[in-house]
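Here's a quick tour of a protein model, written for someone new to reading structures. Take a look at the sequence and the 3D view, then work through the notes below.

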Amino acid sequence: MKNITIAAFLLCSIVCFSQNRDSIQSEAWKKIYRASATRINDLVHTKLDVSFDYSKSWMYGKAWITLHPHFYATDSLNLDAKGMKINEVSMIKGGRHSPLKYSYDGRNLRILLDRTYAGGENYLVFIDYVAKPNDINVKGRKVISVDKGLYFINPMGTDKNKPTQIWTQGETEWNSVWFPTIDKPNQKTTDEISMTVPDQYQTLSNGILASQKNNGDGTRTDTWEMNLPHAPYLVMMAVGEYAIIKDSYKGKEVSYYVEKEYAPLARKIFGQTPEMIAFFSRITGIDYPWPKYAQIVCRDYISGAMENTTATVHHETAQQDDRQLLDENRWEFGIAHELFHQWFGNYVTAESWSNLTLNESLADFGETLWMEYKHGKDAGDEENYKQMHRYLQSESAEKELVRFYYKDPDQMFDPVIYTKGGRILNMLRNFVRDSAFYKSLNLYLTTNKFQSAEAHDLRLAFEEVTGQDLNWFWNQWFYGSGHPIIDISDEYDSASQTAKVIIKQTQGGKIFRFSTAVDIYQGSEKKRYKVWTDQKVDTLTFPATSKPDLINFDGDKLLLCEKTEHKSLENYIFQYHHAGLYVDRREAIDYAAGVQGKDPEALNLLKTAMKDPEHRDGLKIYVLQKLDIANDAVKQAVEPLITDLATHDPKSLVRAEAIKTMGKFKQDSYKPLFLTSIKDSSYAIAASALLALGALDSVAALDVANQLTAQHVKGELSEAIIETVYMYSNESEFDSLAARFNLLPEGYAKFKLLEPFANFLKRVKNPDNFRKGIDMIVSYRDSMPSLFQEFALPYINGSILNELALAKQSSGLTEQSAYVHSKLPAKPKHQESGEISEETPQ
Ligand SMILES: [Zn+2]
């Protein structure tokens, strides 16, 4: 599973906030060891026959479930079945239904079988039921939850701007909302689902479409068969009007289900899939194991994407138009991530949510591997570096990767499991080297195929292949928490002709053990030393006939750590030119940016970096963002380079960033370029130009933004239009701007509008209007589903409302400030200042 942008941002804020809540609320979960579910009965096969009541958002289901006792004989069966109405529970023998005794409490269906069955002895139960996903009761209380398992989107077609769809979301244990099952990740079942739907809709499920039957009453019944076993949370259904675009991989169907207007773009969005399948098949040594691979885009989807076996669901944001795709395909990471799950998660499944790393860390690392393979080492390193820093900034260091204590399984999907886990795998790859790494993955997949596994199973595969005991690595990185915080310094002693490297671990608690490379550069000569560090202070001595130009600790730049180095600008300039990895150059840019106003050599390095033909666009954009335009010397030195990049760089994202930087010059002579660039086919360029124009001439920018509002634009440009309109509109526009906010549905778009709307409210002086605006924000805040509310409260209360109160206070509007304060929690524990991430989904 992959969380979307809002969740990525929210995920960062949940850490502090949930700790706070935990201290207030019960801490009982901290004493509950989350073991794998005991396997009393095993699922064998699940056959479902379903139809839908769109007017009630109900599903009528019949389930034939084949099971057997796992080992010990038993006369009872406990199924997960959330919020259902149960009509019949029977044993089927020779086609005859014999009713069984059962009890049902809205969560669990406890069935007394007709006799005791021996371990491995199959039996078949039948259940007739109604799934009511909007009416799940927990302990007698109706829960308003985003977790419904089965979702009816615009079921009655009342929203003319939204198609009617049905889709499901199983992970973690929500598929038992729509079919009775043992909803645990250490179960596996084959399945067969017959869906009866109105004729105009397509259906999708796992496996192969075995048959389609026209019922002659405006409905059709599609039967999907999945003949290979997979975990219950990976079972899916989707129903809606779709264009289906088909590719193939070795004769297996690879298809993309998109809304009809995106049919011409489906291959631009998803078309790399067959190449990805070939790549992942090659590196794992396991040819894609499933009968087909479909990807479908679903409206109002609650996460970023979900790797249902052979049928991945993507959030509607995946549907980018041709102007968005001109800048970049933001969904490439997500496509790679979900696909790698087909091996790690689906072929071999984490036996419990405690072991989720076996699914998510691998999938996260799959993104890095794909970027490295497809776009080069810099691209892989860039991805690795960014993901490492998402973890380091998440303040999650106290959490283990394999975690047996958690409050809720849904809370396992955090930066530790994804971004830290992916980096640990990259360190492991570096440590055992590529060939052993992939051979070990192959052994793990082969040994555990169609079964579940725990983190030790991965260790055993690596130990078997490498011949090494790797308990230390697993104990430290998988079962332990945290990361080293290190201080690295070096000294040269000319008398003994030696260079010393002093590595201090400054984190509290345990000392980390790691192997890394120290590269010693003397002129063009580089000597690499493989070293081990395992003390609080390690002093390493190396021969060096003269003072080295650079001592580059962690030469492969993969160590998961926070580090302080004591290099000079000269060292960094040398590092930029000679060490040369993405991170080497990025570190040099960081250092030079810190002294750009003081040292002409630093500025020269930044200028070199702006022109570097070796750079992927990411690093060029990074240099532009680092320039201190407020400093006159910097401004004069870089201006010609920036205007050149703005007009001549082949990459639209680099041109866009250069235009954004030109906006900081506030120079009238640039206005014609901004006006022309607003019409650029690249959304990124048009958006930067509109914002840059606004800084120069807000009336002209507002005029352009209002004209563009009428056009159908997406992505960054649509965000820049909204920002401009709310930034520069006069207070007299209050009614229309408030209505625009109010009319948006309670989703991500509205969430993103919070900040521009709050900025507009800062300028609203009319007390009635101001209160109306605040009430709208508060109403949005208070009507969020509880799960999102928990994530979003720190941002809305802190960055939005509290900021507004402060702004009103400082402009002397104390009554308005007091009104905002009256809407804030009495004693906010946190004034968390989250920020809206512009990153692609995580
Ligand atoms: Zn995932």
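Which side chain does the side chain of R299 make a polar contact with? It's the side chain of E259, at 2.8 Å. Keep in mind that this is a predicted model.

**Around R299**

- You'll find R299 in the loop between β20 (293-298) and β21 (305-306).
- R299 has 16% relative accessibility, so it counts as buried, since the cut-off for buried is under 20%.
- If you skip the neighbours within four places in sequence, the residues in contact with R299 include I153, N161, K162, P163, Q165 and W167.
- E259, the polar partner of R299, is also on that contact list, and so is E316.

**Aromatic rings**

- The structure holds 52 aromatic pairs.
- One of them is W64 with F126, a tilted pair with 5.1 Å from centre to centre and 55 degrees between the planes.
- W64 belongs to strand β2 (residues 58-69) and F126 to strand β8 (residues 123-131), so this pair ties together parts that are 62 residues apart in sequence.
- Are W64 and F126 buried or exposed? Both are buried.
- W472 and F473 make an edge-to-face pair, with 5.6 Å between centres and 80 degrees between the planes.
- W472 and F473 are both buried, too.
- There's also an aromatic cluster whose members include F279, F280, Y288, Y293 and F340.

**Charges over rings**

- W64 shows up again here: the charged end of K47 sits over its ring, 4.9 Å from the centre.
- R771 lies over the face of Y819, and the distance to the ring centre is 5.8 Å.

**Strand β8 and its partners**

- How many of the nine residues of β8 are buried? Eight are, so β8 is largely enclosed by the rest of the structure.
- β2 and β8 run antiparallel and are joined by nine bridges.
- As an example of who faces whom, Y60 stands opposite V130 in β8.
- Strand β4 (residues 84-93) also runs antiparallel to β8, with seven bridges joining them.
- E88 has D128 as its bridge partner in β8.
- A handy thing to know when you look at strands: in a regular one, the side chains alternate between the two faces of the sheet.

Note on methods
Residues are numbered from 1 along each chain as its sequence is written. This is a predicted model: local features need pLDDT of at least 70, side-chain atom pairs count only at pLDDT 80 or more; totals for chains, interfaces and linings use all residues. Side-chain values use heavy atoms; hydrogens and water are left out. Rings of Phe, Tyr and Trp (its six-membered ring) pair if their centres lie within 6.5 Å; planes under 30 degrees apart count as stacked, over 60 as edge-to-face and the rest as tilted. Helices (H or I, at least four residues) and strands (E, at least two) are DSSP runs, numbered from the N terminus. Buried means under 20% relative accessible area, exposed over 50%, partly exposed in between (1.4 Å probe, protein chains only). A charge sits over a ring if NZ of Lys or CZ of Arg is within 6 Å of the ring centre and within 35 degrees of the ring normal. Two strands pair if DSSP finds at least two bridges between them. A polar contact is a pair of N or O atoms within 3.5 Å; within protein, one must be able to donate a hydrogen and the other to accept it, and residues adjacent in sequence count only if both atoms are side-chain atoms. Contact means heavy atoms within 4.5 Å.
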